[in-house]
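Here is a short briefing for a first look at this structure. Keep the view open as you read.

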Amino acid sequence: MIPSKTAGSSKVAAELYQAFQQINEDEVTGLAERITKANRVFVAGAGRSGLMGRAFAMRLMQLGIPVYVVGETVTPAIKAGDLLVIGSGSGETTPLVAFANKSASLHADVVLITLSAHSTIGRMANHTITLTGARKDQIDADVSIQPLGSLYEQTLLLFYDVVIISLMQMLEMDTSRMYENHANLE
């Protein structure tokens, strides 16, 4: 059944509100602290989760944090003391598993933000953060009326944005100072 426009938008808003209420502030602060302690931050994800990661990387850059998106041609080698943040609902996406494995073998810190804490990447990660949502292969209207992994991806972006706010407070950074690092070749 496809809900009406009004019922659908209200249900999506309710799903996001409920998912947002389940974000653990200690997890937010913990990831922010890991970021401030890391030499450099690498962000990875695939598909829409990867797009959320790119948005996160942009905000980290605007905070002045050395950050790279895995897979870009200008991304350097990861090393000990660096942090790899992976957004993956399943925790099983083949390239992301390889990135986690390589990073762990080089003694970089690996954090997974996922729906599946006991996944392959979850078992390799130094720290796993579990969010609310439906996996893209789950068809369960009780979890979400949205298609595929939309609720997870939206919650991932909200989680990333709350981490940015936590970092702003830790670094005593405001929006006007961040704007100095905003792209000006646009």
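**Briefing: core, helix and ring pair**

Phenylalanine 56 and tyrosine 160 are both buried. The model is a predicted one.

**The ring pair**
- A pair of aromatic rings is described by the distance of the centres and the angle of the planes.
- The structure has 2 aromatic pairs.
- Phenylalanine 56 and tyrosine 160 make a stacked pair, with 4.1 Å from centre to centre and 10° between the planes.
- This pair links distant parts of the chain, as phenylalanine 56 sits in helix 3 and tyrosine 160 in helix 6, 104 residues apart.

**Helix 3**
- Helix 3 covers residues 47-62.
- Helix 3 has 16 residues and reaches 23 Å from its first C-alpha to its last. That span is close to the 22 Å expected at 1.5 Å a residue.
- Its buried residues are Ser49, Gly50, Met52, Gly53, Phe56, Ala57, Leu60 and Gln62.
- The cover over the buried residues of helix 3 includes helix 2, strand 1, strand 2, strand 3, helix 6 and helix 7 (175-179).
- Glycine 64 follows helix 3 and has a positive phi, near 90°.

**Serine 49**
- Serine 49 is part of helix 3.
- Serine 49 counts as buried because its relative accessible area is 7%, and the cut-off for buried is under 20%.
- Leaving out residues up to four places away in sequence, serine 49 touches Gly87, Tyr152, Glu153 and Leu156.

**The nonpolar cores**
- In soluble globular proteins, nonpolar side chains tend to be buried together.
- The largest nonpolar core here holds 34 residues. Leu31, Ile35, Val41, Leu60, Ile113 and Phe159 touch the most other members.
- At least two residues of this core come from each of helix 2 (25-37), strand 1 (41-45), helix 3 (47-62), strand 2 (67-69), strand 3 (83-87), strand 4 (109-114) and helix 6 (150-170).
- Helix 6 gives the most to this core, with 9 residues.
- A second, separate core has 13 residues, among them Leu84, Leu96, Ala100 and Val110.

**Phenylalanine 159**
- Phenylalanine 159 is one of the residues that touch the most other members of the largest nonpolar core.
- Apart from neighbours within four places in sequence, phenylalanine 159 is in contact with Ile23, Glu27, Val28, Leu31, Ile113, Ile129 and Leu131.

Conventions
Residues are numbered from 1 along each chain as its sequence is written. This is a predicted model: local features need pLDDT of at least 70, side-chain atom pairs count only at pLDDT 80 or more; totals for chains, interfaces and linings use all residues. Side-chain values use heavy atoms; hydrogens and water are left out. A nonpolar core is a set of buried Ala, Val, Leu, Ile, Met, Phe, Trp, Tyr and Cys residues joined through side-chain atoms within 4.5 Å. Buried means under 20% relative accessible area, exposed over 50%, partly exposed in between (1.4 Å probe, protein chains only). Helices (H or I, at least four residues) and strands (E, at least two) are DSSP runs, numbered from the N terminus. Contact means heavy atoms within 4.5 Å. The expected span of a helix is 1.5 Å times one less than its number of residues. Rings of Phe, Tyr and Trp (its six-membered ring) pair if their centres lie within 6.5 Å; planes under 30 degrees apart count as stacked, over 60 as edge-to-face and the rest as tilted.
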